[in-house]
Each structure stands twice: as structure tokens, then as C-alpha cells.
Amino acid sequence: HDYFRERHNRNSLDGQGGNIQAVVRVAQMDNAFWNGNLKMMFFGNVRPYPAALDVVGHELAHGVTQNSADLIYELQPGAMNESFSDIFGEMVEARAEGQTDWKMGERLNKIFRDMKNPGSIQIEGLNSPYPSKMSEFVELPNSNDGDHGGVHLNSSILNHCFYLLAEGLPGAVGLLDAE
């Protein structure tokens, strides 16, 4: 909340001071997630998810995205939704710790995504690395088993792009300047 307020002048997830709700220690669940219908975060009990600032920031960012862009959670818009959450999760962690490590979940002893080097992590069940550019885009069915068209897997493409821009990709600064 402090990050979004200080850096983006956003008052809560809805921008209007709304409540932020979370359920922690959900028994034997090894995950954290945002429920858009309930508009609240859930953190499993298997790992200390609430202690991982990047993960908490990630879930908070899903609430911000729902209340602003409202990207549909499937295919490429869903991958953008996941990527924005990863990016903001890392920025929340950087605000608190003074720097970012570009990895999601390091405090949980399981790296979920690596923004600096996406291909360093293998996609479970596909025996291939996370993509870092569109030519490596992973085509999956738009189903629960297919990660809703690869929303988590393909988020690494935009994550890597953000990393490159943030770290000063040669020539990238000029790309954002007005002509």
C-alpha cells in the first residue's frame, strides 16, 4: 500500500481508499493468489507467503490492475496482468530493501520467475525454459490445465523487457523520448 501511495499517488487498490483484505495461513495450500470475485488476497500455509514482499506486492498489484485496466485473465492480456504484478511486486520489494534481485519468491526458497534471466527456470511439465522474447512465446490451451493460455509462463517476456529497460538497455532510453 505504501509503495502505491508514495510512488503512484494511488490510495489503495481501487484508488479511493478502499479496504485491502487478505486471508493468511490457508491450510496446506502452497500458493498465493488474488480472487477477483471476492477482491481479496489468499496466502497458503505451506510457505511463509506473507513474509515475501515481492509476492505480497504481486497480489496487491492484481487488485490495482482489476480496478484500473481490468485485463481479462487469459492469453496475452492475462500474461500482461501477471507481468504487471511481477513488476510491481519487485518494485515493492525494492522500495523496502533498497534494491531488487529480479527474482520472484526468493524468500520462499522457490524462485517462481527470474526477470533478469527467465530461461534459468524450467517450465514444469513442458521441459522447456521460460521465454524471454516473443519468438519464444509458449502456446497453451486457454484452460485451467493450460495456465489460461500461458498467463504465468508468458509473463516472463514482458518481465524481461522491463528488466532490460530498468537496467539500461543500450539505446533504450532514447526509445521513450518524445520526438
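1. E2 (32–35) and E3 (40–44) run antiparallel and are joined by four bridges. Strands here are DSSP runs (E, at least two residues), helices likewise (H or I, at least four), numbered from the N terminus. Strands count as paired if DSSP finds at least two bridges between them. Ala-32 stands opposite Phe-43 in E3. The hairpin of E2 and E3 has four residues between the strands, and Lys-39 takes a positive phi near 55 degrees.

2. This is a predicted model, with local features needing pLDDT of at least 70 and side-chain atom pairs counted only at pLDDT 80 or more, while totals for chains, interfaces and linings use all residues. Residues are numbered from 1 along each chain as its sequence is written, and side-chain values use heavy atoms, without hydrogens and water.

3. E3 also pairs with E1 (residues 22–26): three bridges, parallel. Val-23 stands opposite Phe-42 in E3.

4. Five of the five residues of E3 are buried, so the strand is largely enclosed by the rest of the structure. Buried means under 20% relative accessible area (1.4 Å probe, protein chains only). One side carries Met-40, Phe-42 and Gly-44; the other carries Met-41 and Phe-43.

5. The largest nonpolar core has 16 residues. Such a core is a set of buried Ala, Val, Leu, Ile, Met, Phe, Trp, Tyr and Cys residues joined through side-chain atoms within 4.5 Å. Phe-4, Phe-43, Tyr-49, Val-55 and Leu-60 have the most contacts inside it. H1 (2–8), E2, E3 and H2 (53–67) each supply at least two residues. H2 gives the most, five.

Technical notes
Buried means under 20% relative accessible area, exposed over 50%, partly exposed in between (1.4 Å probe, protein chains only).
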